[in-house]
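This report is meant for a reader who has not seen this structure before. Please look over the sequence and the model first.

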Amino acid sequence: PSDDACKYGYLIPANAMAVTTLEWAAIILRALGGEVATSLADRAHKLSEQIDDGIHKFGVKEMDGFGKVYAFEVDG
C-alpha cells in the first residue's frame, strides 16, 4: 500500500507490483515441480494476466503531448 492518500479504490502501482510478484511466484512454483505446485503456478500466472489486462484497460490514458501514461489510481 501507498502512504499517499487515495480517492479511488484501484491503485495502479500496487496492482503492477502484484503482477510482477505473481509472475515470480509462478516461476518459483514451476521450478519446484509437482502437480500441486504446477497448478498453483498456473493460477498465479492467470491472475497476473487478468490484473495486467485490467491495468492496461482502465489505468492507461492518452494524454496530449505525452502519449499513453499510467494513472496513479482509478475507480475501475
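The model is predicted: local features need pLDDT of at least 70, side-chain atom pairs count only at pLDDT 80 or more, and totals for chains, interfaces and linings use all residues. Residues are numbered from 1 along each chain as its sequence is written, and side-chain values use heavy atoms, with hydrogens and water left out.

Helix α1 spans residues 12-32 and helix α2 residues 35-58; their axes come within 8 Å and cross at roughly 160°. Helices here are DSSP runs of H or I with at least four residues, and strands are runs of E with at least two. Axes are lines fitted to C-alpha atoms, for helices over the stretch in contact, with angles from 0 to 180 degrees between N-to-C directions. The two helices α1 and α2 are therefore roughly antiparallel (an angle over 145 degrees). The contact (heavy atoms within 4.5 Å) includes Leu 22 and Ala 26 of α1 and Leu 40 and Ile 51 of α2.

Buried means under 20% relative accessible area, exposed over 50%, and partly exposed in between (1.4 Å probe, protein chains only).

| Residue | Relative accessibility | Class |
|---|---|---|
| Glu 73 | 18% | buried |
| Gly 33 | 28% | partly exposed |

Glu 73 lies in strand β4 (residues 73-74). Leaving aside neighbours within four places in sequence, Glu 73 is in contact with residues including Cys 6, Tyr 8 and Ile 12.

Gly 33 sits in the loop between α1 and α2. From C-alpha to C-alpha, Gly 33 and Ala 14 are 29 Å apart in space, and 19 residues apart in sequence.

Notes
Parallel < 35°, antiparallel > 145°, perpendicular 65-115°, else oblique.
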